[in-house]
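Here is a short note for a colleague who is new to this structure.

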Amino acid sequence: MDKIVIENLSVRYSDGTESLKNINLKIPEQSITALIGPAGGGKSTLLRVLNRLNDLADVVEMSGRVLLNGRNIYDPDANVIELRRKMGIVFSRPVPLPLTIYQNVSYGLEVAGIRSKSRLDDAVEKALRLAALWDEVHDRLNDPAIAISGGQQQRLCLARALALEPEVILLDEPTSALDPVSTARIENLLQDLKEQYTIIIVPHSIQQAARVADWVAFFLQGELVEYAARDRMFLSPKDRRTQEYIEGRYG
Amino acid sequence: MTGGWLRKTLSPKRVQTIGFNALRLVSLLTVLPILAVVVYIVVRGLPVISWEFLTQVPRNGMREGGIMPAIVGTFFLTLGTALFSVPLGIAAGIYIAEYATENRWTRLIRLAIINLAGIPSVVYGLFGLGLFVVFLNLGTSMLAASLTLSIMTLPVIISTTEEALRSVPSSFRLVSVSLGATRWQTTWRIVLPQALPGILTGVILGLERAAGETAPIMFTGAAFFLPQLPHSPLDATMALPYHIFVISTQVPGMPIQIQYGTVLVLLVFVLGMNLVATVIRSRARARRQW
């Protein structure tokens, strides 16, 4: 079933950068979809359109529809806060909030109004276990989050998104600042998580897309050039530009 | 070429040594006057400081006795100024830094704030006289003086608050919002705590200036001679800066030690606030996570 349906989506910023041109895309649930392409192609913009973080940016023009579970998230009466809880995002650089490890994970729940200590405790433990971080930090939950390693911080960022029990997880080059071991841990984690979640990732390399994705969408200068299942995409791309990009001729 | 001669006689390393030493000398020169002032005031003023000087009212046309009403008055005026200017200034700073969108209107507001900070304090004094003492009929009172000092302090508090908030990395805001927080929750839970030390420093520096000012209070709330404590905010009060002005220029036959003693007390008051600000800032810097 399609979790997200994007119809005729166009976005333009006031400074003319990173726009999207008439995107049509259907993202199936419980799978990993990778958005690939050279920098400036609109991949990050698309992620930020999906959870409406783009509302904070300087968008001049936006048209088209984005349906989550069949409902347009840009309806005037759509609940943005609710949407962001359903669409967790992890950024390329781990940014722990200036709080403790525990508070980083409980933050989203607390701003949602959950006060019960036992509920928060349970949710924090569950999220940290899902992100494969519990064993490493369970005895120092009250340490500042900045004190753990970069790889751990990125899993903390994942845990803090998971704590809200989202339906979709957006990952914007989540391993670009990590070493190979931490990268492998996160990639393995994604394979476990896709049983429950719909995952959209902007991989930091084409190899990563080949390793983790079920579906691959190729973006070039704001256009969706080609979208297909991974093997079809990598073995027999239909568009010449896709083929050239995958072969490493540009990008 | 003029540089050619220098290059021939001096090696680059030697030029650097000379340059560094010149800079060292100049920085020493800037510290010297401040040190000289403080040392001179302490040496001349310290002999007159006593328990009696700090706790008694002035006697014999202020030529004898203590300066207690002026100390208490300055304390209350500073407190009153804080009461008005701190909440207002911080709120305005939050609005400008976190909520207002960048446009012609906010640029105008910012320009106004910067210019307000440059207005001479005597102008604030006359403005306070017109608005609070006369028009609002508050009379010459601590309330009117505090309000006048507040207006003078506001620009400092607003701009330091804004600056402190802007120095908090915007990635924190993005993360907080992405986790379903509203803009207010983001400001209150994440941004404000991180900016607090900077804000407090600005607040203290602003209040410190208010505590030491003479011109804004001389028309609005400071009394020439009032050997008792004010009973209500609508009473006038003695205050250290104005008292110094009075005993230095208006009282014939004034013992000079009393003047130095009073200046020393004001200096301790103001430098003490400065010290608190410095401690807050250095502690926060040690604890900062970004």
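What percentage of the 251 residues in chain A is buried?

1. Burial in chain A. Buried residues account for 45% of the 251 residues in chain A. Keep in mind that this is a predicted model. Chain A holds ten helices and ten strands.

2. Overall dimensions of chain A. The radius of gyration of chain A is 18 Å, which agrees with the value near 18 Å that a compact globule of 251 residues would have. Along the principal axes, the C-alpha atoms of chain A fill a box of roughly 55 × 45 × 35 Å. Take the contacts in chain A between residues at least 6 apart in sequence: 70% of them join residues at least 24 apart.

3. The six-stranded sheet. Chain A has an open sheet of six strands, in the order E6-E7-E8-E3-E9-E10. Its pairing is mixed. Strand E6 (87-90) and strand E10 (223-229) of chain A stand at the edges. Each has a single partner strand, so one side of each is left without a neighbour in the sheet. On average, neighbouring strands of this sheet are turned by 15° against each other, direction ignored.

4. A parallel pair in that sheet. Strands of a sheet pair through backbone hydrogen bonds, either parallel or antiparallel. Strand E3 (residues 32-36) and strand E9 (residues 215-220) of chain A pair in the parallel sense. Four bridges join E3 and E9 of chain A. Ile36(A) stands opposite Phe218(A), which lies in E9(A).

5. The four-stranded sheet. Another open sheet of chain A has four strands, in the order E2-E1-E4-E5. Here the pairing is antiparallel. At the edges stand strand E2 (20-28) and strand E5 (71-72) of chain A. Each has a single partner strand, so one side of each lacks a neighbour in the sheet.

6. Pairing around E1. Which strand of chain A is joined to strand E1 (residues 2-13) by eight bridges? Strand E4 (residues 59-68) of chain A is, and the two run antiparallel. Val5(A) has Leu67(A) of E4(A) as its bridge partner. Ile4(A) stands opposite Leu68(A), also in E4(A). E1(A) is joined to E2(A) by six bridges, again antiparallel. There, Val11(A) stands opposite Leu20(A) in E2(A).

7. A helix on this sheet. Helix H1 (residues 43-50) of chain A packs on the sheet and touches E1, E2 and E4 of chain A. The direction of helix H1 makes about 115° with that of E1(A).

8. Is Val181(A) buried or exposed? Val181(A) is exposed, because 8 other C-beta atoms lie within 10 Å, and 12 or fewer count as exposed. Val181(A) is found in helix H7 (residues 180-193) of chain A. Val181(A) and Gly248(A) are 67 residues apart in sequence. In space they are 25 Å apart, C-alpha to C-alpha.

9. Chain B. This chain has twelve helices and two strands. Along the sequence, the pattern of chain B reads α-α-α-β-β-α-α-α-α-α-α-α-α-α. The radius of gyration of chain B is 24 Å, well over the 19 Å of the globule rule for 290 residues, so chain B is more spread out than a compact globule. The C-alpha trace of chain B spans about 65 × 65 × 35 Å along its principal axes. Of the 290 residues of chain B, 40% count as buried. Among contacts in chain B with a separation of 6 or more, 77% come from residues 24 or more positions apart.

10. The largest nonpolar core. In soluble globular proteins, nonpolar side chains tend to be buried together. The largest nonpolar core here has 140 residues. Among those with the most contacts inside this core are Ala34(A), Leu170(A), Val216(A) and Ala222(B). Helix H7 (residues 142-166) of chain B gives the largest share of this core, 14 residues. Beyond its neighbours within four places in sequence, Ala222(B) is in contact with residues including Ala145(B), Ile217(B), Met238(B) and Tyr242(B).

Conventions. Residues are numbered from 1 along each chain as its sequence is written. Chains are lettered from A and ligands numbered from 1 in the order in which they are written. This is a predicted model: local features need pLDDT of at least 70, side-chain atom pairs count only at pLDDT 80 or more; totals for chains, interfaces and linings use all residues. Two strands pair if DSSP finds at least two bridges between them. Axes are lines fitted to C-alpha atoms, for helices over the stretch in contact, and angles run from 0 to 180 degrees between N-to-C directions. The radius of gyration is taken over C-alpha atoms; the globule rule is 2.2 Å times the number of residues to the power 0.38. A residue is buried if 20 or more other C-beta atoms lie within 10 Å of its own, exposed if 12 or fewer, and partly exposed in between; C-beta atoms are placed from the backbone. Two residues are in contact if their C-beta atoms, placed from the backbone, lie within 7 Å. A nonpolar core is a set of buried Ala, Val, Leu, Ile, Met, Phe, Trp, Tyr and Cys residues joined through C-beta atoms within 7 Å.
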